[in-house]
Amino acid sequence: MNINEVMQYLSYLLTAIGVMAFIVAAITQVIKSWPGLEKLPTAAVVIVLSLVLCPAAFVALMAWQKQPITWYMVFACMIAAFIVALVAMDGWERVKDIWERTAYKDKE
């Protein structure tokens, strides 16, 4: 496996994490807008949604590709679900904090 293949797979992985984080964040906003559910902790909703949607998407992808599912794939999917939850919960805030800590400052 050369470096081009590794970079290609890495870009696929980052794209999948971004798409899943967007889906989880959108569904979380819908769930939190329902009457009676606004008091649920957002972090808990995001983690549960990630732990449900990521394996479901993984199983659907493996079924579509007609590939067998092994235990280490399921383990990696659970790790990825927590990464998706992290990005969905406060990904933009972390990006904003990094931007504010850089040397870029508005000149006034």
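Trainee: How many disulfides does the structure hold?
Mentor: Zero disulfides are found. Keep in mind that this is a predicted model.

Trainee: What about C54, where is the nearest cysteine sulfur?
Mentor: The nearest cysteine sulfur to C54 belongs to C77, at 5.7 Å. A disulfide needs the two sulfur atoms within 2.5 Å, so C54 is in no disulfide.

Trainee: Is C54 buried or exposed?
Mentor: C54 is buried, at a relative accessible area of 7%.

Trainee: And C77, buried or exposed?
Mentor: C77 has 8% relative accessibility. Buried means under 20%, so C77 counts as buried.

Trainee: Which elements give two or more residues to its lining?
Mentor: Those are α1 (3–33), α2 and α3. The largest share comes from α1, with seven residues.

Trainee: How many residues line the largest pocket, and which lie nearest the centre?
Mentor: The lining has 19 residues. Nearest the centre of the pocket are Y12, L13, A16, F58 and L61.

Trainee: What's the split into nonpolar, polar and charged?
Mentor: In the lining of the largest pocket, 17 residues are nonpolar and two are polar, with no charged residue.

Trainee: New topic. How many aromatic pairs does a search of the whole structure find?
Mentor: The search finds two aromatic pairs. One of them joins W71 and Y72, with ring centres 5.8 Å apart.

Trainee: Why is the W71 and Y72 pair edge-to-face?
Mentor: Their ring planes stand at 85°. Planes over 60 degrees apart count as edge-to-face, so the pair falls in that class.

Trainee: How exposed are those two, starting with W71?
Mentor: W71 is exposed, with a relative accessible area of 68%. Y72 comes out at 48%. Exposed requires over 50%, so Y72 counts as partly exposed.

Trainee: Last one, the backbone. What is the phi of K66?
Mentor: K66 has a positive phi of about 55°, and K66 is not a glycine. Most residues other than glycine have a negative phi.

Trainee: Where is K66 placed?
Mentor: K66 is in the loop between α2 (42–65) and α3 (71–101).

Trainee: Buried or exposed there, K66?
Mentor: K66 is exposed, with a relative accessible area of 75%.

How values were computed:
Residues are numbered from 1 along each chain as its sequence is written. This is a predicted model: local features need pLDDT of at least 70, side-chain atom pairs count only at pLDDT 80 or more; totals for chains, interfaces and linings use all residues. Side-chain values use heavy atoms; hydrogens and water are left out. Helices (H or I, at least four residues) and strands (E, at least two) are DSSP runs, numbered from the N terminus. Buried means under 20% relative accessible area, exposed over 50%, partly exposed in between (1.4 Å probe, protein chains only). On a 1 Å grid over the protein atoms alone, a cavity is a set of points where a 1.4 Å probe fits but cannot get out, and a pocket is an open set with protein on both sides within 12 Å along at least five of seven lines; lining residues have an atom within 4 Å of a point. Ala, Val, Leu, Ile, Met, Phe, Trp, Tyr, Cys and Pro count as nonpolar, Asp, Glu, Lys and Arg as charged, and the others, Gly among them, as polar. Rings of Phe, Tyr and Trp (its six-membered ring) pair if their centres lie within 6.5 Å; planes under 30 degrees apart count as stacked, over 60 as edge-to-face and the rest as tilted.
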